[in-house]
Amino acid sequence: MLAKQLHLVQHPCMPFSRSWQGHSDCLGLRPCTINVRHYERQGLLQYRPGIARASIQLHDSSNKDQIEQNGAVAALGVALEVSHVSKAFGDKQVLSDVCLEVPRGSFHMLVGPNGCGKSTLLRILGGLMKADRGMCHVLPPAGFVFQNPDHQVVMPTVGADVAFGLGRYKLKEAHVRAHVERMLEAVNLPGFARRQTHTLSGGQKQRVAIAGALAECPKVLLLDELTTFLDGEDQKGVLEAVRNCVGGPDEVTALWVTHRLEELEWADRVSYMDNGRIQFTGSPREATVYLKRLGAHV
Ligand SMILES: Nc1ncnc2c1ncn2[C@@H]1O[C@H](COP(=O)(O)OP(=O)(O)OP(=O)(O)O)[C@@H](O)[C@H]1O
Ligand SMILES: [Mg+2]
């Protein structure tokens, strides 16, 4: 049955965010995330900016699938669901019937040999690529951070870079500055807003990229080999930054792809991928036993 009424609450830290927390009668009053601007553009929702709560009447059933899709994922307590996803490039089958569920507010690591399809799966989850078969649900909005921060940190100063994505909202400068500072604190770079980005270490740059992704209050962070080029200290700083952002009142979820098996102890759950399939999912301790059995040095 279509929701007649959506009860929405603005995102606690981003009154201008596209994502509101909401629940609806069709979802049994469970929380879900609603892309307000999407519905607004279609004339389905009206709300007054600046108010903290709204109850919104839906006039049309055309968005039933999207409401139920996002709502169903949220209602299951899952931030990210991959169901029988396959992908081939030419005659090379890269993903074969991949299934994965990541609970909301958890730090999930994905490991596996070179070329087994980890980045391809992340790109599909981030909407950068389409699967040939299967379905993915990711709670919106999702933020993507890549291996090389030079591809993502492009502005001359840290503050300008973290604020980059906020440019499309009409925000007061003081609001943006305060928000940027909060994001920098979240990644343990307080007071860095005026720093020139070219003076940062690799790990600091990676944390600026994470702060930039966090600035838009993502529900899910997709993180592809952030620590490959980092030494031990920078690696720990980036892991700490992500660990601190995960969970919390917003139940931020992180899917972290890595080759560095010493990082597994930071995760809540670990999946091992090989030959385009998830071969194993378990706790870091169980993953260590599994990987040792495969001959890995963990
Ligand atoms: N756009 C593309 N076109 C053709 N082949 C591709 C494309 N993207 C990835 N591949 C191929 O798909 C396979 C999986 O690549 P992917 O980048 O997903 O692996 P990965 O597990 O992330 O590897 P790594 O650990 O080295 O980053 C590789 O053989 C790769 O060459
Ligand atoms: Mg990769």
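In which sense, parallel or antiparallel, do strand E10 and E11 pair, and over how many bridges? Select residues 220-224, which form E10, and then E11: the two strands pair in the parallel sense over five bridges, where pairing requires that DSSP finds at least two bridges between two strands. Helices (H or I, at least four residues) and strands (E, at least two) are DSSP runs numbered from the N terminus.

Before going further, note that this is a predicted model, in which local features need pLDDT of at least 70 and side-chain atom pairs count only at pLDDT 80 or more, while totals for chains, interfaces and linings use all residues. Residues are numbered from 1 along each chain as its sequence is written, and chains are lettered from A and ligands numbered from 1 in the order in which they are written.

Now select E11 itself, residues 253-257, of which five of five are buried, a residue being buried if 20 or more other C-beta atoms, placed from the backbone, lie within 10 Å of its own. Both faces are covered, with Thr253, Leu255 and Val257 on one side and Ala254 and Trp256 on the other. Strand E7 (residues 107-111) also pairs with E11 in the parallel sense, over four bridges, and there Phe107 has Ala254 as its bridge partner.

Zoom out to the open sheet of six strands, whose order is E9-E10-E11-E7-E12-E13 with mixed pairing. Strands E9 (142-145) and E13 (277-282) stand at the edges, each with a single partner strand, so one side of each is left without a neighbour in the sheet.

Finally, move to helix H3 (residues 118-125), which has six of its eight residues buried and is therefore largely enclosed by the rest of the structure. The buried residues are Lys118, Thr120, Leu121, Leu122, Ile124 and Leu125, and H3 is followed by Gly127, whose phi is positive, near 75°.

Technical notes:
A residue is buried if 20 or more other C-beta atoms lie within 10 Å of its own, exposed if 12 or fewer, and partly exposed in between; C-beta atoms are placed from the backbone.
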